Amino acid sequence: MTKLYPNIGLEIHVELKTKSKMFCGCPAEHFQVKPNTRTCPVCLGLPGALPVPNKKAIDWTILIGLALNCRINQESTFDRKHYFYPDLPKGFQISQFDDPFCRQGFLKLDSAKKILINRVHLEEDTAKLIHKKIKGKDVTLVDFNRSGVALVEIVTEPNVTSGSEAKEFLKKLRDIIRRLQVSDCDMEKGSMRLEANISLTPDPKHLAKYKVEVKNLNSFRFVDQAINYEIKRQTSLLEQGITPTQETRGYDDLKKQTFSQRIKEAAGDYRYFPEPDIPPIVLTPDYVERLRAKLPQLPETIVQELINDFHMNISTAQLLVKDAVKLAYFKKYLFKIDPLVLANLIVNKKIDLDKPPQLRTASEAVDPKIIAQIIRENADVVAKYKAGKTSVIGFLVGQVMRQTHGKVDPQEAQKLILQAVKVRPWRLIIQV
Ligand code: ZN
Ligand code: MN
């Protein structure tokens with residue numbers, strides 16, 4: 001049997017959390033807002049209304065591109081993507097086709113494999129369709145509050161090869177975008193939406209002539225499962241000599257299966273052409289560099305620093321970095337108690353982040369051997385203490401907390417250290 005190589009490309013839509021929409025001044029927040037209360041002629045697509053691009057949305061798109069190691073186009077254009085659907089009153093979506101803001105980037109996985117980014121572009125979100133039963137009749141209602149909200153689309157090259165790789169990539173991508181504070185990336189609220197294009201080829205140098213798109217995947221786990229299911233389904237077809245149909249499929253998470261939805265249009269069907277109401281956007285290298293300077297430290301770098309500086313284990317470091325509130329708390333109290341103890345309290349003990357860290361009252365007794373060992377190993381510090389530099393006691397307590405993984409009461413540890421140092425001032429070793 002010939003070996004088949006999976007080629008998986010991912011498309012991710014991320015709603016930016018700008019205050020106003022992409023091409024008008026309407027508030028962009030639409031989650032749990034009374035339907036059709038945040039609209040104007042522009043986002044309703046009324047004739048004659050003119051779009052004005054949102055500068056912040058452009059800056060944020062470029063920030064995402066820079067964080068993904070992309071090239072930033074000096075001149076970008078908006079295009080019209082035509083299709084008919086009730087959620088799109090103009091009959092076209094303003095998007096980017098030939099000249100998106102960002103191209104050719106990558107994101108590195110833990111294995112150091114680079115998932116290649118084809119493009120990062122900016123477009124507008126569509127209205128939301130709500131399917132309901134009213135007076136016994138099935139109806140579809142349209143809420144235009146979401147129409148025109150700034151939406152970034154990130155498209156990878158098809159060099160993802162498994163469900164688990166896709167999942168790792170998506171988690172890292174979400175963490176980066178959250179770190180940039182440009183989107184909540186909340187899949188339940190729909191501010192992050194995932195699609196995967198999957199095909200298999202017997203020749204690793206050439207892509208297959210078909211691809212299957214799986215849409216509406218609303219969790220990373222479902223992406224993983226849907227991809228693995230498709231790899232199996234397509235493999236069995238190809239082994240029977242059948243080329244899988246080029247189509248769009250959905251995913252049924254109860255049956256853990258994908259199912260056919262519709263036969264996919266080719267890109268040409270969208271009749272892309274330049275948006276005549278928005279001139280090309282020219283970015284000077286200087287402008288891009290000023291944005292680059294605003295990039296915060298990215299999760300990858302911070303995780304590495306936590307490992308290097310504090311010998312933190314990778315999973316604790318990753319959990320800490322994933323959550324901006326937790327990371328800020330860690331930084332705030334970093335010098336108050338032992339960093340590893342602090343990290344453990346935040347990540348594993350889920351302490352109240354509105355209060356300063358409290359160590360447990362029901363502490364374990366301090367093993368005198370540990371006190372003895374720490375005094376022995378830090379003779380120089382003890383000497384400083386005895387010479388009058390009493391502040392160094394904090395360092396010794398920190399060592400005890402580290403050795404005991406935070407299980408003892410620091411007050412108790414301090415008492416024992418002082419006793420040990422004072423009771424036998426002539427020697428720096430406690431006999432036990
Ligand atoms: Zn509007
Ligand atoms: Mn799109």
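This dialogue walks through selected features of a predicted model.

Q: Which conventions apply here, and what pLDDT do local features need?
A: The model is predicted: local features need pLDDT of at least 70, side-chain atom pairs count only at pLDDT 80 or more, and totals for chains, interfaces and linings use all residues. Residues are numbered from 1 along each chain as its sequence is written, chains are lettered from A and ligands numbered from 1 in the order in which they are written, and side-chain values use heavy atoms, with hydrogens and water left out.

Q: Which protein atoms are donors of the manganese ion (ligand 2)?
A: Donors are N, O and S atoms within 2.8 Å of the metal (3.2 Å for Na, K and Ca); water is not among the atoms, so sites may look incomplete. Here the protein donors are His-13 (NE2), Glu-123 (OE) and Glu-153 (OE), 2.0 to 2.2 Å from the manganese ion. Their spacing along the chain is H-x109-E-x29-E. His-13 sits in strand S1 (residues 5–15) and Glu-153 in strand S10 (residues 150–156), 140 residues apart, so the pair links distant parts of the chain. Strands (E, at least two residues) and helices (H or I, at least four) are DSSP runs, numbered from the N terminus.

Q: Are His-13 and Glu-153 buried or exposed?
A: Buried means under 20% relative accessible area, exposed over 50%, partly exposed in between (1.4 Å probe, protein chains only). Both His-13 and Glu-153 are buried.

Q: With which side chain does His-121 make a polar contact?
A: A polar contact is a pair of N or O atoms within 3.5 Å; within protein, one must be able to donate a hydrogen and the other to accept it, and residues adjacent in sequence count only if both atoms are side-chain atoms. The side chain of His-121 contacts that of Glu-123 at 2.7 Å. Glu-123 is also one of the manganese donors. His-121 belongs to strand S7 (residues 114–124) and is buried, at 4% relative accessibility.

Q: In what order do the three strands of the open sheet stand?
A: Two strands pair if DSSP finds at least two bridges between them. The order is S5-S4-S15, with antiparallel pairing. Strand S5 (92–95) and strand S15 (273–274) are at the edges with a single partner strand each, so one side of each lacks a neighbour in the sheet. Four bridges join S4 (residues 79–82) to S5. Asp-79 stands opposite Ser-95 in S5.

Q: Where does Gln-104 lie, and where does Cys-185 lie?
A: Gln-104 lies in strand S6 (residues 102–108). Cys-185 is in the loop between helix H2 (163–180) and strand S11 (192–201). Gln-104 is not a glycine, yet has a positive phi of about 50°. Cys-185, also not a glycine, has a positive phi of about 50°. Gln-104 is exposed at 51% relative accessible area, whereas Cys-185 is buried at 1%.

Q: What volume does the second largest pocket have?
A: On a 1 Å grid over the protein atoms alone, a pocket is an open set of points with protein on both sides within 12 Å along at least five of seven lines; lining residues have an atom within 4 Å of a point. A volume is the space filled by probe spheres set on the points, which are joined across faces, edges and corners. The second largest pocket has about 730 Å³. Its lining has 29 residues, with Asp-110, Lys-172, Pro-299, Glu-300 and Gln-318 nearest the centre. H2 gives the most, eight residues.

Methods:
1 Å grid on protein atoms, 1.4 Å probe; cavity = no way out; pocket = protein on both sides within 12 Å on 5 of 7 lines; lining within 4 Å.
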